[in-house]
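Let's take a friendly walk through this model together.

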Amino acid sequence: MCSQEQAPLFEGLRKHAANKPLQFHIPGHKTGKGMDSAFSAFIGENTLSIDLINIEPLDDLHHPRGMIQEAQQLAAKAFGADYTFFSVQGTSTPIMAMVMSVCKPGDKIIVPRNVHKSVTSALIFSGAIPIFVHPQLDHQLGISHGITPAAVEKALEANPEAKGVLVINPTYFGVAADLTKIVEVSHRYSVPVLVDEAHGVHIHFHEQMPVSAMVAGADLAATSVHKLGGSLTQSSILNLREGLVRHEQVQTVLSMLTSTSTSYILLASLDAARRQLATKGVEMNTRTIQLANDARQQINAITGLYCAGAEILDSEAAFAMDPTKLLVSVKQLGISGSDAERWLRQEKNMEVELSDLYNLLFLITPGDTEKETQQLLSALADLAALHQGGVSVSNIEVSVPEMPVLSLSPRDAFYADTEAIPLTESEGRISAESIMVYPPGIPIFIPGEIISAENISYIKSNIEAGLPVQGLMDESSEYIRVIKEHRAFR
């Protein structure tokens, strides 16, 4: 076994490229010589030299036996997993693989209502039946947090035959539930815990972060290394603790979903990112946490702005937080987060991670220094100064309608014949779409659920309030696709 100081895949690719073998295989650009010259010059010779395919010396992601296997074993050791699988298709594919590895058509799976759309895709692919649990709502910030262990236990008591429990750790906003307790509850029922850890690759490498999925004892965790771990966009991993799931089954499903033309550039970046996290992660996180905490304190000194901190951790659904995420409420300025985002882009040449009706989200990473955070603070101070005396929108009413009745499985609804009808006339029909209002980002209904008058009223009120309705195929938001009803012949 190599040490964490090594990067066998990255180093192996560099060695292969340095030998400059005569290539009679794809890709046809052959290290850039057959490519548009302006593009190849911009990308660079080194990058193009490792844009290769799964020839024997370079191993095969679908059946790793050499340098890819060594790199995945090192990653497993770094993350405390029994097995780690590399993904060159982001974290959506590992999330789908998790669900499809434990569920077959008709099986139940317990999931938070604020799941990523890849989970809905996984439900359609697998034919599984979702048992939804409402996350805790933060009425002050207008966002959703995690789910409680008690809610998970209640769902398992009602559905002991469930094949999995899916948890988000942490949320997009950096807030985590008591994952360790959720795992304990689920394992009492011999049900595996699947973790969407897309926004938490770095939390494993510092004690001031929320507990990571593998440390908490979860069975599977899909983790975006590219988001906050230093690898290239679209590179992720799937960590596995064997026992309630088998690594052979996960490897098979993941291979079914993965391109056979895997990018060695992305794979090499995963290997190098793992090395950096394993050897320097604590040091990098310590500096980044301090940088973010200093910025948080100074943001809270700006009149009209509020940057959320540990004070919002008041339950098992909001149990811990990633301090490197700066969630800034602008509602006291009388403007929306999207207004603030546009102003920062146009006036300060600054891009944010996310904006919604009330908030801006900024990420502080090892790529930042005090210079960047000071630029951020200066920009926010200027923004606040422009809007002093604005109309406050502090009284947020965050509500979620009752969850609809699931009439068809998401899979059956997806493949059914559909038709578009006016939203105002859709009460009692079965939705063929997945619709959500953001914030708080919780689906109002997914394919297969019966539309109620309350659903329709909720959508209309949020549209009137200026909140974006996501998911409707009709851009005017006047029509919705529903399952076609077949009437009897007379």
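## Terms and ground rules

Two strands pair if DSSP finds at least two bridges between them. The strands themselves (E, at least two residues) and the helices (H or I, at least four residues) are DSSP runs, numbered from the N terminus.

This is a predicted model, in which local features need pLDDT of at least 70 and side-chain atom pairs count only at pLDDT 80 or more, while totals for chains, interfaces and linings use all residues. Residues are numbered from 1 along each chain as its sequence is written, and side-chain values use heavy atoms, with hydrogens and water left out.

## A three-strand sheet

Let's begin with an open sheet of 3 strands, which has the order E18-E17-E19 and antiparallel pairing. Strand E18 (442-445) and strand E19 (469-470) are its edge strands, and each pairs on one side only.

Strand E17 (residues 435-437) pairs with E19 in the antiparallel sense, over 2 bridges. Which residue of E19 is the bridge partner of methionine 436? The partner is glutamine 470.

## A four-strand sheet

Another open sheet is formed by 4 strands in the order E11-E13-E15-E14, with antiparallel pairing. Strand E11 (306-307) and strand E14 (354-355) stand at the edges with a single partner strand each, so one side of each has no neighbour in the sheet.

E14 and strand E15 (residues 359-363) run antiparallel and are joined by 2 bridges. Here serine 355 has leucine 360 in E15 as its bridge partner.

E9 is joined to strand E8 (residues 193-197) by 4 bridges, and the two run parallel. Valine 195 stands opposite alanine 221 in E9. Strand E10 (residues 236-240) is also joined to E9 by 4 bridges, but these two run antiparallel. In E10, leucine 240 is the bridge partner of leucine 220.

## A look at leucine 363

Leucine 363 lies in strand E15. Its relative accessible area is 27%, so this leucine is partly exposed.

Setting aside neighbours within four places in sequence, leucine 363 is in contact (heavy atoms within 4.5 Å) with Leu228, Thr324, Lys325, Glu353 and Asp368. Glycine 174 is 189 residues away along the chain, and its C-alpha atom is separated from that of leucine 363 by 10.0 Å.

## The chain as a whole

Stepping back, the chain has 16 helices and 20 strands. Its radius of gyration is 24 Å, close to the 23 Å given by the globule rule for 490 residues, so the chain is as compact as a globular protein of that length. This radius is taken over C-alpha atoms, and the rule is 2.2 Å times the number of residues to the power 0.38. Along the principal axes, the C-alpha atoms fill a box of roughly 70 × 65 × 50 Å.

Of the 490 residues, 55% are buried. Among contacts with a separation of 6 or more, 73% involve residues 24 or more positions apart. The accessible surface comes to about 21,800 Å², and 51% of that belongs to carbon and sulfur atoms; the areas come from the Shrake-Rupley method with a 1.4 Å probe, and for residues only the protein chains shown count as cover.

Definitions and conventions
Buried means under 20% relative accessible area, exposed over 50%, partly exposed in between (1.4 Å probe, protein chains only).
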